[in-house]
Amino acid sequence: MSQSILSSSPYTHNNQSVRKVMLQVQIAALPALIAHIYLFGFGIAIQWMLAVATALVVEYVMLKLRGRPVLPFISDMSALITITGLVFCIPPEAPWWVIVTGSAFALTFGKHLYGGLGYNPFNPAMLGYAFLLISFPVQMTQWALPIEYTGEALNLLQSAQVIFTGQIPGLSMDMYTGATPLNEVRNGLSQGLSVQDTLNNSALSSLWGLSSWGWINVAFLLGGVWMIYSGVISWQYPVGFLGSLAAISLLFNQIDPATYPPVDFVLLTGGTMLAAFFIITDPVTASTTPRGKLIYACGIGILVYVIRNWGAFPDGIAFAILLMNIAVPLIDQYTQPRVFGHNR
């Protein structure tokens, strides 16, 4: 008679790890990085390298201060995902100290002071972004214009000169910086123009009728779809966020199209797709129950629309995410799935 072999739970395993998941997210962001370099120049590549150097220093110092082993934690790539999300949110030619300060703040106050990865209640990248928006509003609004405006993007040397010195000898930076589409619409409305007049005057079309900002969002969308297919992120996050944002923008656009932009503009400008697939999907700071994920994502979508249209900032993604981070424990408490064998 054969004897049964007893083993302890858990019985189901997968081959995922923090490092592998973070690497997959990083790979998914590559199309957007390449598109950004082509359309806006090499500024983002320099910012990313500065952020990586800052992350390595901050991680080493904080892990030493906390008495934790450096190599296992610094190699899990969680800091890399934080600074990558932050880099996409700042102007490509912002002064070097902006990304250094933002990265240090995000990792120190958004991660390590709460006990490290897995204990932080707020999304570190968005915490760093909100800190930069509030602390350095001038530097955070000087965005590089895409090639559809300037005819050519800044090369690597020119971008480095702007980032480290603030100027390019013999070249006026006014030709290469300006407002984002969200800012243009807001400025146009303040001058009495309709949304459509502002969009027509700004000449936002590029390849196949889509603006450069639109193509960046499409690149994030492609990477996000791949992550859903690979099982890296849950579909509830982008569906809830984009669905609620599209629904509320359609409603207000139907009510007053002169004041509220159309759905395609709302979804393909700013950091919409970056947030949908790369930011709100953070497993540490987002809701974890199936229904909770949808509620969490829908709440962010509604708050983003509210802040964009009636708030002080043209793109309210950082503040919307941080506000919903606060609500995550309550959402999870009331959306727990029913335990098997129980009626309620």
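Hi everyone. Domain bounds here come from an automatic or database domain assignment. With those bounds, the lining of the largest cavity draws at least three residues from each of domain 1 (18–178) and domain 2 (199–334).

Some ground rules before I go on. What you see is a predicted model, so to speak: local features need pLDDT of at least 70, side-chain atom pairs count only at pLDDT 80 or more, and totals for chains, interfaces and linings use all residues. Residues are numbered from 1 along each chain as its sequence is written, and side-chain values use heavy atoms, with hydrogens and water left out.

Now, the cavities. On a 1 Å grid over the protein atoms alone, a cavity is a set of points where a 1.4 Å probe fits but cannot get out, and lining residues have an atom within 4 Å of a point. Points are joined across faces, edges and corners, and the volume is the space filled by probe spheres set on them. Searching the whole structure gives two cavities of 30 Å³ or more.

The largest holds about 80 Å³. Its lining includes V25, Q26, F88, F220 and F278. Helices α1 (18–28), α5 (78–87) and α15 (272–279) each supply at least two lining residues; helices are DSSP runs of H or I, at least four residues, numbered from the N terminus. By class, this lining has eight nonpolar, three polar and no charged residues, where Ala, Val, Leu, Ile, Met, Phe, Trp, Tyr, Cys and Pro count as nonpolar, Asp, Glu, Lys and Arg as charged, and the others, Gly among them, as polar.

The second largest cavity has about 60 Å³. Ten residues line it, and F40, A144, L145, L154 and Y176 lie nearest its centre.

Next, packing. A nonpolar core is a set of buried Ala, Val, Leu, Ile, Met, Phe, Trp, Tyr and Cys residues joined through side-chain atoms within 4.5 Å, and buried means under 20% relative accessible area with a 1.4 Å probe, protein chains only. The largest such core has 79 residues, with M126, F241, F278, I280, Y296 and I300 making the most contacts inside it. Helix α17 (residues 317–334) gives the largest share, nine residues.

M77 sits in the loop between α4 (70–74) and α5, and at 18% relative accessibility M77 counts as buried. Thanks, all!

Technical notes
1 Å grid on protein atoms, 1.4 Å probe; cavity = no way out; pocket = protein on both sides within 12 Å on 5 of 7 lines; lining within 4 Å. Buried < 20%, exposed > 50% of the residue type's maximum accessible area, 1.4 Å probe, protein only.
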